[in-house]
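Here's a quick briefing to read with the structure open. Have a look at the two chains together before going through the points.

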Amino acid sequence: MGYYTSLIQRKFKDVVGKRYESVLREYGEFLLSEEEMVVPEIHSILLPLDIFVKEIPPSLYEVLSAYEGARVSLVYITDAQVYSVISEVLSAGAGEEFMRKKEEYGHVLLNQVSGELAAAGIESTQRMFTGHKGEDIEKLASSHDLVALAKSYGSEKTEHYPISPLAIRIAQRLKKPTILF
Amino acid sequence: MISVEILAIVVFIITYILIIDERIHRAVAAMAGAAVVVFLGIVPWETLLHHLDLGTILLLMGMMIIVNTARNSGLFEYIAIRTAKLARGSPLKVLIFFSIVTAVVSAFLDNVTTVLLLTPMLLYIAKVMRLNPVPFLLAEVLASNVGGAGTLIGDPPNIMIASSAGLTFNEFITIMGPVAVVDLVIILGIFIAVYGKSMKVDEHERQIIVRTLDGLDERAAIQDRVLFNKSIITIAFVVFLFFIHSSIGQYLSLIIPFVDPAMTLEPAEVALIGAAILLFWSRESPELIFEKIEWPALFFFGGLFILVGALVETGVIADIASFMISHVRTEGEAMILIAWFSAFASAIVDNIPLTAALIPLIHDLSGTMDVYPLWWALSLGACMGGNGTAIAASANVVVLGIAEREGINITFMDFLKIGMFVLVVTVAVGLGILWLMFMV
């Protein structure tokens, strides 16, 4: 280290003391870090839906529209375990009725969200199937660049638990960037 | 046999070398030098308090309390984000707006805090724009020194000059204010001419920059909304008091009959009143705020005053003054000499110890000439001289220190090239304005 550099460092230390560290901490709370400043290339976004996802906040559409050209895959999964429990405990007819109502609601929700995405200038595809929400989303996520997951996915939010247990578990296991909304 | 004068000069020179080199903390060096001259009886106790300029020390202390309390509210970060957004992604506008904001804030609050809190934001914007941050940082430093020159409270040399010469806030605003404004415009012109072409981004990049900066929420920077509002109101009130401090009796006597219309407030009193108001009103913990007073800086000033006091006591300053008087025939010549000498000497020594040494010299000249224009020449030289080199002013050291920590290398020569050029131009222009004010 040259004389000039060490002189500046000495003078800086004497004039500023420890104030710079606290200034950096304060700025760190609202400025993006180096890592966060690198905008990831997002071409495909997975957006899981179910009966507990009542509405999508408009701010999510704004965020998704920032990824120009990205396509959103809307996926509505009906829990296969619930279907089999209803069929076994009540009757096969009750199970079919459960599926019919779920699919009916699913189509309405998928069409509604798809319409809202189109209004925000975002292309989307729809898919509906019966399966295991946690595992299937993990599998589907591997072929997408980003996942947008509702905090209420899988069960109702409560005052004490603003994120559903299933949403937490999925978010913890996903390796892809995830937006929790 | 070593005379007491030579001893005082030797202690003075050794201490100033230690201050320049800073291997020992500047406050410790100044205190040690002061301790030597006190120990040797060069500055006796009876005159020690006379040499300690409490006007400067208490004004600095009051402003430190106000600034540190206001800092807790997130005021500076708020200003930084608002300025960044205002530029709408144009690098040139970022440079211009940040320079103007730095100059204005530096004119009313201390330069070190201003650049310490604005520089991280400037570096962030430069990173977002993917542009070389060096021109932005240099412009910020120069603007801070020039802005500080414009008011009584803007730069420590001005505080010292005002306290010693009894100059008012309004005198500084009316005499140094125009000089600072003209010099700032010139500096911005120089930067636009030198760096303007390299500060271009295409429309797509500009949109990305705007989007990133718009993503910053200035409200999130406000850590305490109530304190934020109280800080702004108190700072505005303190600035208002500074404007009327020399004639406050006239206004107060209209409301409170027993107040003497001739009553005035010293700038230090204004700062301490403001500090008391903010502390009382905000209910911030006084222990935490008082801890943040930059005690080393205050002891540094104290030590310097005693050291220079030793030169006064031994007659060294009087000898230099009489030498100057025998060679300088008019106030105009003295103005030119003081402005240029203080500018170049500040660039080497640091403008605070230089001003401390020149103030008693100007006092000693008062017997033979009107020294009023000389105070302004000293203010001009000391403040603009702060732009000359990397170590000439505290703001320079802070910005260069931050740059170095962030891996940005600004060499001594990098700074010198632009700094010296700016020094020569701003002092020449400033001196021209002062000449028109006092000599024509």
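Predicted model: local features only at pLDDT ≥ 70, side-chain atom pairs only at ≥ 80, totals over all residues.

Buried area is the accessible surface, taken with a 1.4 Å probe, that two parts lose on being put together, summed over both.

**How confident is the predictor?**
- The complex as a whole gets an ipTM of 0.85 and a pTM of 0.77 from the predictor.
- For chain B, the mean pLDDT comes out at 91, with 100% of its residues at 70 or more.

**Where the chains meet**
- On the contact count, 27 residues of chain A are up against 43 residues of chain B.
- Looking at chain A, the residues that lose the most area to chain B are A:Tyr4, A:Lys11 and A:Arg19, which together make up 20% of what that side buries.

**Polar and charged links across the interface**
- The rule picks out six salt bridges between chain A and chain B.
- There is a salt bridge between the side chains of B:Arg211 and A:Glu68, at 3.9 Å from N to O.
- Polar contacts between chain A and chain B come to 13 residue pairs, with both residues at pLDDT 80 or more.

**What chain A brings to the interface**
- Three helices of chain A, α1 (3-16), α2 (19-28) and α3 (34-37), each supply at least two residues of the side that touches chain B.
- The largest share, twelve residues, comes from α1(A).
- Sorted by type, the chain A residues on that side are 16 nonpolar, three polar and eight charged.

- B:Thr114 sits in helix α7 (residues 111-129) of chain B.
- Is B:Thr114 buried or exposed? B:Thr114 counts as buried, because its relative accessibility is 0%.
- Leaving out residues up to four places away in sequence, B:Thr114 touches B:Phe76, B:Thr102, B:Val105, B:Ser106 and B:Leu109.
- B:Val312 belongs to helix α17 (residues 295-313) of chain B.
- With 33% relative accessibility, B:Val312 counts as partly exposed, since that class runs between the under 20% of buried and the over 50% of exposed.
- Again leaving out residues up to four places away in sequence, B:Val312 touches B:His51, B:Ile317 and B:Pro360.
- B:Val312 and B:His51 are 261 residues apart along the chain, yet 9.1 Å separates their C-alpha atoms.

Terms used
Residues numbered from 1 in each chain as written. Chains lettered and ligands numbered in written order. Heavy atoms only, no water. Contact = heavy atoms within 4.5 Å. Salt bridge = Lys/Arg side-chain N within 4 Å of Asp/Glu carboxyl O. Polar contact = N/O pair within 3.5 Å; in protein donor to acceptor, adjacent residues only side chain to side chain. Helix = DSSP H or I, 4+ residues; strand = E, 2+ residues; numbered from the N terminus. Nonpolar A, V, L, I, M, F, W, Y, C, P; charged D, E, K, R; others polar. pLDDT = per-residue confidence, 0-100. Buried < 20%, exposed > 50% of the residue type's maximum accessible area, 1.4 Å probe, protein only.
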